[in-house]
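Colleague: I would like to learn how to read a model of this kind, feature by feature. Please give the general idea first and then the case at hand.

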Amino acid sequence: METVWWVFKQLYDKGLVYRGVKVMPFSTACNTPLSNFEANQNYKDVQDPSVIVSFPLVENEEVALIAWTTTPWTLPSNLALCVNPEFIYIKVKGERQSLTQVLDIDIDVLCAFRFPGKTLKGKKYKPLFPYFAKCGEKGAFQVLTDNYVKEEDGTGVVHQAPYFGADDYRVCTEFNIIRRDQAPICPVDASGCFTSEVTDFAGQYVKDADKNIIKWLKEKGRLVNASSFKHNYPFCWRSDTPLIYKAVPSWFVRVEHMVEKLLDNNDKCYWVPEFVREKRFGNWLRDARDWAISRNRYWGTPIPLWVSDDFEEVVCVGSMAELEELTGVKVTDLHRESIDNLTIPSRCGKGVLRRLTEVFDCWFESGSMPYAQVHYPFENRKEFEDTFPADFIAEGIDQTRGWFYTLLVLSTALFGKPPFKNVIVNGLVLASDGQKMSKRKKNYPDPGLIVQNYGADALRLYLINSPVVRAENLRFKEEGVRDVLKDVFLPWYNAYRFLVQNVQRLQKEDDIKFLYNENTPKQSDNIMDKWIQSFTQSLIQFFKAEMEAYHLYTVVPRLVKFVDMLTNWYVRTNRRRLKGESGIEDCLWAMETLFSVLFSMCRLMAPFTPFITEMMYQNLRHLIDPASVEEKDATSIHYLMLPQVRESVIDKRIESAVSQMQSVIELGRVIRDRKTLPVKYPLKEVVVIHQDPEALKDIQSLQKYILEELNVRQLTLSTDKDKYGIRLRAEPDHMVLGKRLKGAFKAVTASIKELTSEQLEAFQKTGSIVVDGHELHEDDLRLMYTFDQSSGSATQYEAHSDAQVLVLLDVSPDQSMLDEGVAREVINRIQKLRKKGHLVPSDEITVYYRCQPDGEYLDSVIQAHTDFILATTKAPLLPFPVPKTASVIIEEKTQLKGSDLELTIVKGSSAPRAPLNGPACAYVNLRVKVNNKEQGKGVVLLENPKGSKVCLIHFSSTLFLSPAECQTGEVGTLLLVNPVGQNGLDFSGLLSEAAKVFGLRSRRLKLYLDQDLTQELPADSTVKSLDTKTLFVRVLPTTAEA
């Protein structure tokens, strides 16, 4: 607050402060003026009286000007009339009563004379009311001219009540009808009632007085017409009562004299978007008016002016110390309750000076922010001087008349320079219907629920990837936030999760721990690795250049597009490599590439989506080689620096090649969609036609990805479309062209159908064509490809094209391909069921299936493609029945190709085991000799169960066991006798030894002869009968588990 006083004192000492009046929005219910910002918060459609009044000229009372107003209560304060000097006015013959019909009749009949408005300038007229007739001696009651008079409403003559309208005040001041320092002619009190000066209506509330004023005008013969008028009118946002515009005594800061300096300082600032500087803000500065900085409120920073009762002696105070010196009272608080009672002795014999009751306009405080936030100049002088002007500020576009403006005015007045170097201007977030968001109307979703349902990051990205960052308005829609979550975050997260899952798989299956070192990246030979690395580095390069220019509106769309490139192109086309299907070395290359890209992506996106990037980083950082971390504190993504551009990795040729590939694939997908051919069903051939042989080479280099993504057997490249008999034809858009061409539409349609293929190819390149004298554009025509029937391609191929490349897809049916498509459908159902069961790729499962009826088409396809399905799902596929003891995870019954397909996923891999012809575990035979005499034969098991690193030796012929629920292994071996002929096991010993092998000493077991656990081993079985047999162990549940 003390700094705000200092700022004001500097302006006062420079002679930039004076006392005058200002016409402001005024709340009669709250007895206070409002800022324009507050007045704009609550507009309503209302019906107001509409009157046309006559003003007879002094030089000839038979001639009268007629003026229109919707505020009859301002007429008693009329001091002038205003016309537009450029408009043509007419002088009409006839009685006054007939003037009400003037707009409904032939003007030429009654018109005696036409003349420009400027000829009326200075003409005197008879005052409407007598209350302020004496003002005529000082030049009142004459016609003025100004271009603010518009022709859209009214008569072209505007009545001037200078203390009840901002334009009225400006025009009357310019023509010296009033002076800024004179006593205002404002016969309305703070409650909106007429004062005693208006004797006929004294004490009446102005809006209530309208009908009495209209009656008075009618009685005096000055009323030409009275009706009602519906228009948009401001209401007080606090009391919800109509506002009036009224002159209020105010203290001003002079601004008009420094408009050129303001414009010069504005030119030194960098604006984003740039048009705001030149247009909206520049235009506002050119029309800048002196700034009324006082408000009649209690709360706010008190204006530090102590004045005499007649306002002739004024003292401006600039600090606490100065106030203490002038008042002799210790001051510790500058709020009103602490200083309003303080007085300063007059130096001119006027008794004591008292502080004004007004406080500062809050925008004066906002404009003082750069200095007040550091208590300049009372503290932190060097800190302020080193950091002023600010590097950048950001606010809404409405602040061109608010904060941006007040910052610039005060900085220019105090220091002669702008307060900021860069300014980012945001648009406004509106309700979905385009209206302002309002707590009263509740026309917006609850922000808390938006964050709860979709996350703060989704809301942030929705806003910063919207028109708002281009200083345009956004109609906020909850669906937009949901789409960010669905289209950006979920694919991005899935790519991250896919990487983590395969890192875990690599460690589990191949015992390889993945660690990423940014300083020693592996150079992959894979073209898609090179592409995504190049694309990433190009993105980083673009990101840094555009962020330095504060271009959020170009950066964020590129980041969002990159998520699509990463997930829908790189990860999608490299899933098999990342799963290790092409070997460990290639898998590591793909993993390192994906990790590098995700890590860079997290760092780039961190400022925009801080929470999801932090979550990802907290997992990813454990996969980073600690030796490669340069930051001292790398515990958070937000502590890391942005990645540096590796220009050596950028390869525009590869980026162009992949872009060509993407075009081919996308065109092929359109053809499939058009013919309702899902990608699961393979096709024979795709033909790519391009005029550039280099482009065809690029496409050839990426052949395997095109074949895989479009699921076709063969790629054919060509530069000759005539070979395939392809022709272009056009159809008009009937709705668009019919509406525009009307009667000419039929003839133009006929001409469109006659256009040659060559003409349409030229149209494809230029985007426009002239037909029958009418210029047509891309939205007017639909282009389609046809084939010459003689070429033989009409039934075989379907075509689609963009401006560069033409794609033909062989859509002729083939049974073996249809069968494979059905098998892919089965794979799709299995994978979706897997996902529904919340399973990850490393989970061991078995899939059981049943087709009803048996032996039909679907059943035969599954049996013929079992290996194909297994290669993709990595899970055994077995026919029903599901074992009774199997642990079912999820099951589903669905329809496919006219059959019922039942799928059940169970825990564990239940693939049939190959029969065992010897011990399941590693073993060694022993022959014992004592004194060259053989004493016996035995066996030592080198592991038990199979895969165990612990050597277990059991003395007891061999028995193979496969427990249904074991803890330390799946297969083990028991020795029924060891050495030969000694230490034989009975049934009880068999159970005990089985429990020991599998770590189940405290559990009850049952032994079975079959895998389905239906034939229990009888307790009286002889152990010798089990030699070389395989038994299956069932672990009985404990009491707690049961």
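Colleague: In which strand is tyrosine 923 found?

Modeller: This is a predicted model, in which local features need pLDDT of at least 70 and side-chain atom pairs count only at pLDDT 80 or more, while totals for chains, interfaces and linings use all residues. Residues are numbered from 1 along each chain as its sequence is written, and side-chain values use heavy atoms, with hydrogens and water left out. Helices (H or I, at least four residues) and strands (E, at least two) are DSSP runs, numbered from the N terminus. Tyrosine 923 belongs to strand β36, residues 923-930.

Colleague: Is tyrosine 923 buried, partly exposed or exposed?

Modeller: Buried means under 20% relative accessible area, exposed over 50%, and partly exposed in between, with a 1.4 Å probe and protein chains only. Tyrosine 923 counts as partly exposed because its relative accessibility is 38%. Its C-alpha lies 4.2 Å from that of leucine 941, a residue 18 positions away in sequence.

Colleague: How many residues of strand β26 are buried, and to which strand is β26 joined?

Modeller: In β26 (residues 726-732), 5 of the 7 residues are buried. Two strands pair if DSSP finds at least two bridges between them. β26 and β29 (residues 781-787) run antiparallel and share 7 bridges. Within this pair, leucine 728 stands opposite tyrosine 785 of β29.

Colleague: What is the strand order in the open sheet that includes β5?

Modeller: The order is β8-β5-β9, an open sheet of 3 strands with mixed pairing. β8 (143-145) and β9 (157-160) are the edge strands, each with a single partner, so one side of each has no neighbour in the sheet. The twist averages 35 degrees from one strand to the next. β5 (residues 80-83) pairs with β8 in the parallel sense over 3 bridges, and valine 83 has threonine 145 in β8 as its bridge partner.

Colleague: At what angle do α18 and α22 pack?

Modeller: Two packed helices are described by the angle between their axes and the distance between the axes. Axes are lines fitted to C-alpha atoms, for helices over the stretch in contact, and angles run from 0 to 180 degrees between N-to-C directions. Here α18 and α22 (residues 652-674) pack at about 95 degrees, with axes 13 Å apart. They are therefore roughly perpendicular, a term for angles of 65 to 115 degrees (under 35 is roughly parallel, over 145 roughly antiparallel, the rest oblique).

Colleague: Which residues of α18 meet α22?

Modeller: Contact means heavy atoms within 4.5 Å. Met565, Trp569 and Arg572 of α18 meet Met661, Gln662, Ile665, Glu666 and Arg669 of α22.

Colleague: Which peptide bonds and phi values deserve a second look?

Modeller: Most residues other than glycine have a negative phi, and most peptide bonds are trans. A cis bond joins phenylalanine 388 to proline 389, with omega about 0 degrees; proline 389 sits in the loop between α12 (381-387) and β20 (390-396). Phenylalanine 880 and proline 881 are also linked by a cis bond, with omega near 10 degrees. As for phi, alanine 471 has a positive value near 65 degrees. Alanine 471 lies in the loop between α15 (456-464) and β23 (474-475) and counts as buried because its relative accessibility is 7%. Tyrosine 550 has a positive phi near 60 degrees, in the loop between α17 (527-548) and α18 (552-573).
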